[in-house]
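Please look at the sequence and the fold side by side before reading on.

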Amino acid sequence: MTRPNVVVFLTDDQGYGDLSIFGNPDLQTPNIDRIGHEGVCLMQHYSGSPICAPARASFLSGRYNHRVGALSVESNRGLDRIALRGSTIADLFQQGGYATGMIGKWHNGLHDMRYHPNQRGFDEFAGFLNGGMNYWDWIIEYNGQPEWSDGRYLTDVFTEDAIDFIERHQKVPFFLYVAYNAPHGPLEAPEEDIRSFEEMEKFTEAVCQTYGMIRRMDAGIGRILEALEQRGLAEDTIILYTSDNGPVHLGKGERDQTRYNGPFRGMKYDVLEGGIRVPGLIRWPAGLPQGEQFDEMLHFTDWMPTLLQVCGIDAQPASDGMDVM
């Protein structure tokens with residue numbers, strides 16, 4: 001039996017309306033949209049929380065975040081951690097014979113190394129442990145070894161690390177969790193990605209930067225999709241794309257981040273639709289229809305049991321979700 005690969009893209013503070021496939025009239029995201037056009041667009045996809053760490057814990061554990069102790073975002077108080085008594089989705093894929101990798105923002109345990117990604121099921125980790133990082137002046141780590149900025153834009157670094165992981169593991173089944181920190185602050189983007197939004201003369205500086213960050217990330221995701229195709233892996237690789245919570249709509253004057261978010265009220269921090277209803281796109285050419293829309297509710301906790309079942313991993317973890325396949 002050929003087991004599919006899995007690539008999960010989890011972005012940061014990207015709202016339902018921050019994609020052209022969900023109706024944004026000004027921001028074009030052709031590569032991310034492609035996942036939905038070539039797969040299934042999830043119209044009622046809900047995060048486990050309206051803030052970062054608890055949402056990520058919900059996805060990674062298959063449990064409501066309070067069950068695993070990830071109550072908030074304060075790493076210095078240990079409130080972002082996933083309890084050691086349970087398994088993560090990476091633990092179970094690793095035990096099932098998959099190569100497991102994580103790239104990007106962790107935010108589920110900082111100061112106690114028992115909570116490090118390498119101790120929570122990921123064979124390889126390239127990224128940072130806390131809740132945010134500069135995009136130009138960054139410090140990240142590779143399996144515990146620090147690396148300082150070399151002048152590249154951090155989103156590009158994570159894209160290249162993802163492609164490298166795929167290249168090195170193309171002969172074995174793999175589970176790759178790509179947690180871009182874009183478009184979470186600090187708002188920083190290459191000038192060439194901001195310019196077209198500035199020229200529209202309808203957005204604040206903050207929105208131009210946010211859209212520029214998303215544009216750059218979209219280009220990177222296109223490169224990762226191309227890497228899968230070039231290696232003959234696209235047909236039997238499950239691609240899941242989502243965000244941890246809704247957008248930030250705060251600030252005054254040119255720092256105002258308020259922007260299009262469909263018909264939804266609320267934002268990050270709110271348990272209104274704008275805070276917890278997040279983009280959801282899934283593509284698997286070998287196992288899912290193309291270009292369809294799914295209108296029923298799905299939740300972050302559903303992905304652990306669903307992906308384990310699809311990939312033939314015989315595990316029965318405690319989960320608050322269900323197999324939605």
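Leu42 stands opposite Phe294 in β10. This is a predicted model, in which local features need pLDDT of at least 70 and side-chain atom pairs count only at pLDDT 80 or more, while totals for chains, interfaces and linings use all residues. Residues are numbered from 1 along each chain as its sequence is written, and side-chain values use heavy atoms, with hydrogens and water left out.

Strands here are DSSP runs of E with at least two residues, helices are runs of H or I with at least four residues, and both are numbered from the N terminus; two strands pair if DSSP finds at least two bridges between them. Strands of a sheet pair through backbone hydrogen bonds, either parallel or antiparallel. In β10, Glu292 is the bridge partner of Val40. With β9, β2 pairs in the antiparallel sense over two bridges, and there Cys41 stands opposite Leu281. Strand β2 is mostly covered, since six of its seven residues are buried, where buried means under 20% relative accessible area, exposed over 50% and partly exposed in between, for a 1.4 Å probe and protein chains only.

Seen as a whole, the open sheet is formed by 10 strands in the order β6-β5-β4-β3-β7-β1-β8-β9-β2-β10, with mixed pairing. At its edges stand β6 (145–148) and β10 (292–299), each with a single partner strand, so one side of each is left without a neighbour in the sheet. From one strand to the next, the twist averages 15°.

Helix α1 (residues 30–37) lies across β1 (5–11), β2, β8 (237–243) and β9 (280–283), and runs at about 65° to β9. Helix α6 (residues 205–230) lies across β1, β7 (174–179), β8 and β9, running at about 170° to β8. For such angles, axes are lines fitted to C-alpha atoms, for helices over the stretch in contact, and the angles run from 0 to 180 degrees between N-to-C directions.

Two packed helices are described by the angle between their axes and the distance between the axes. Helices α1 and α6 pack at an angle of about 50°, with their axes 7 Å apart. The contact, meaning heavy atoms within 4.5 Å, is made by Pro30, Asn31, Ile32, Arg34 and Ile35 of α1 and by Asp218, Ala219, Ile221, Gly222, Leu225 and Glu229 of α6. These residues divide into six nonpolar, two polar and three charged, where Ala, Val, Leu, Ile, Met, Phe, Trp, Tyr, Cys and Pro count as nonpolar, Asp, Glu, Lys and Arg as charged, and the others, Gly among them, as polar.

Helix α4 (residues 154–168) also meets α6: their axes come within 9 Å and cross at roughly 10°, and the two helices are therefore roughly parallel to each other. Among the residues that α4 brings to this contact are Thr155, Ala162 and Ile166, and those of α6 include Arg216, Gly220 and Leu228. The residues of the contact of α4 with α6 divide into seven nonpolar, three polar and four charged.

In helix α5 (residues 191–200), Asp193, Ile194 and Phe197 are buried. Seen down the axis of α5, its buried residues fall within an arc of 85°, taken from the directions from the helix axis to the C-beta atoms, so they line one face of the helix. The buried residues of α5 pack against α6. Just after α5, Glu201 takes a positive phi of about 55°.

Two single residues complete the picture. Leu19 has its place in the loop between β1 and α1 and is buried, with a relative accessible area of 0%. Leaving aside neighbours within four places in sequence, Leu19 is in contact with residues including Ile32, Tyr241 and Pro279. Leu176 has its place in strand β7 and, at 0% relative accessibility, also counts as buried. Leu176 and Ala162 are 14 residues apart in sequence and 7.9 Å apart in space, C-alpha to C-alpha. Not counting residues up to four places away in sequence, Leu176 touches Ala162, Phe165 and Ile166, among others including Val7 and Ile103.

Technical notes:
Parallel < 35°, antiparallel > 145°, perpendicular 65-115°, else oblique.
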